[in-house]
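These are my notebook entries on one protein model. I set down what I looked up, entry by entry, with the cut-offs beside the terms.

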Amino acid sequence: MTNTNFSIAQHYHQRTKYDPETLQKRKKTLDWSQQPTPFKEYKIGTTISLKDYVNTSQAELGGDREQIWWQRLSRLLYETYGLTAKVETVTGEPVYLRAAPSAGGLYPAEIYLIARGHAYMKPGLYHYQPKNHSLVHFWESEVWQQLQNACFWYPTLSDTQLALVVTSVFFRSQWRYEDRAYRRILLDTGHLLGNLELAGAIADFRPHLIGGFADRQVNNLLFLNAEQEGAIAVAAIADRLELQQNLPPVRTALPSLSQTEYPDLADGELLSALHQATQIETEPAKLSWKPTSETEQRADKYNFPFCTKVSTATQPINWGEDLQDLEKTILKRRSTRRYSGEEISLEELRRVLHFTYHPQDYITQGFDREPDYFDLSLVSTFLAVQGIGDLEDGCYYYAPKAQELRQIRFKNFREDLHYLCLGQDLGKDAAAVIFHTADLSKAIEKYGDRAYRYLHLDAGHLGQRLNLAAIYLNLGVSGIAGFFDDQVNEVLGIPIDEAVLYITTLGRPITK
């Protein structure tokens, strides 16, 4: 056994860093004949088609409450993870794109619904089938109490009738990205959770995230093969149109153990070992479901006395009547492949940041004032600016509470970012590159190795809000999960203790 001061999450993060000297050696040729399918099928069960509701308005349903409820559920699922495009390929096998982005288009996530016994939905287990936008009711039984027990009697489950579980089929991403795939799996799930939050606002559901649950119990409840797949996040789905389900936010994250003794792990074993270590086996001691205070979540850092400070305060984006423009944006979102290198305005940057970090200013449009994250107090945001009008080039820390950018380094990073992003032109040609980072040691001290999940899930959630705001403003945006980790800290001048979680590029897209 290895006995070290570093937990397995820290060991995993260090071992899966990309480095210029070793990346080429680790590069492998993909066996395309072994590429996993991005769809999971259930051949036994009752299929409930949701297709007819996609283009049907509530007015067309003539006030039928049951049909309206199914139409709302259809929208929630479709705008969270539904198929939004079909791309033909030279092989003849089409590629399907979804509402939430996924690294390499591999889509490792699966969605399950657990019904308590709703007036319109029989109790039991359901699997969402994106390919034909349907639900398969594959287990008809009373399972709600088992879910409550697995979630340590999370309070919101006492008052809701429906829960959603996001699982991951690990090999779908591991086939291409090897051990580093776990980072991408969590970021992809974070994108999905970002859509779930916003689709909930559109369809009048409020997801209450549950990050602290007994993994083995949830996996067993869903009949998952724990060696190949596992639950990543749970959400109690409250119906905002039911008065008794307008519930207060509750704490979302619970700690796991921090494992500092583990065997020497070969390449290819890291992903499975980390996922196993992040699991919660038993109810944490002194369990309290009190929510984390907003003050703690919004604490700003890096308030240097003489640094340049630029206000990011602005007016909220108007998402249209009944959030119609948000719905259109979710469904047309695509990751940008090329930027023109032209500037974007400071006001455009302000509006992107405002939507991402200030949901409290959107409550009059129907958004939730405090959407659930796992712990935003642990995530920091830095920007490398190289093409923002009226904003000097350099590295800035974004202080969300103060709504300002605080310059911490003067430099044009264009060539450096091209290099850091593994030679991708997205880094070189973007107007700004946004980095989400975290002090990994501090996070593990608070949540054990499970912190690694929470950090990347929250970074992906923030990244999805950035995506949608940028697309709405006709900007280009693309997330990057492959980068030279340590060199990011060195080039930007940010502390080495800040683990880089995710990069989002922002710029002016090339249009044909």
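**Entry 1: a loop with positive phi.** I began with leucine 323, which lies in the loop between β12 and α10; here helices (H or I, at least four residues) and strands (E, at least two) are DSSP runs, numbered from the N terminus. The phi of leucine 323 is near 60 degrees, a positive value in a residue other than glycine. I noted beside this that most residues other than glycine have a negative phi. Leucine 323 counts as buried, at 2% relative accessibility, where buried means under 20% relative accessible area, exposed over 50%, and partly exposed in between (1.4 Å probe, protein chains only).

I then looked up aspartate 322, which is found in the loop between β12 (309-311) and α10 (324-332). Its phi is near 55 degrees, again a positive value in a residue other than glycine. Aspartate 322 is exposed, with a relative accessible area of 58%, whereas leucine 323 is buried.

**Entry 2: basis of the values.** I am working from a predicted model, in which local features need pLDDT of at least 70 and side-chain atom pairs count only at pLDDT 80 or more, while totals for chains, interfaces and linings use all residues. Residues are numbered from 1 along each chain as its sequence is written, and side-chain values use heavy atoms, with hydrogens and water left out.

**Entry 3: the whole protein.** I find 16 helices and 20 strands in the protein. The radius of gyration is 22 Å, close to the 24 Å that the globule rule gives for 512 residues, so the protein is as compact as a globular protein of that length; the radius is taken over C-alpha atoms, and the rule is 2.2 Å times the number of residues to the power 0.38. Along its principal axes the C-alpha trace spans about 60 × 60 × 55 Å.

Of the 512 residues, 57% are buried. I also looked at contacts (heavy atoms within 4.5 Å): among those between residues at least 6 apart in sequence, 78% join residues at least 24 apart. The accessible surface comes to about 21400 Å², and 47% of it belongs to carbon and sulfur atoms; such areas come from the Shrake-Rupley method with a 1.4 Å probe, and for residues only the protein chains shown count as cover.

For charge, I read 53 positive and 64 negative side chains, with the centres of the two sets 2 Å apart. Lys and Arg count as positive and Asp and Glu as negative, without His and the chain ends, and each charge is placed at NZ of Lys, CZ of Arg, CG of Asp or CD of Glu.

Entry 4: Which residues of α5 are buried? They are Phe170, Arg172, Ser173, Gln174, Trp175 and Tyr177. With six of its eight residues buried, α5 (residues 170-177) is largely enclosed by the rest of the structure. The cover over these buried residues includes β5 (109-115), β8 (162-169), α6 (181-203), β10 (229-239) and α8 (270-277). Just after α5, glutamate 178 takes a positive phi of about 55 degrees.

I followed Trp175 to glutamine 35, which is in contact with Leu106 and Trp175 when its neighbours within four places in sequence are left aside. Glutamine 35 has its place in the loop between α2 (20-26) and β2 (46-49), and is partly exposed, with a relative accessible area of 36%.

**Entry 5: helix α16.** I found α16 (residues 485-492) mostly covered, with six of its eight residues buried. These are Asp485, Gln487, Val488, Asn489, Val491 and Leu492. Asparagine 489, at a relative accessible area of 4%, touches Ile494, Pro495, Ile496, Glu498 and Val500, not counting residues up to four places away in sequence. Just after α16, glycine 493 takes a positive phi of about 80 degrees.

**Entry 6: cysteines.** How many disulfides does a search of the whole structure find? I got zero, a disulfide being a pair of cysteine sulfur atoms within 2.5 Å. For cysteine 307, the nearest cysteine sulfur is that of cysteine 395, 11 Å away. Cysteine 307 is buried, with a relative accessible area of 15%, and cysteine 395 is buried too, at 0%.
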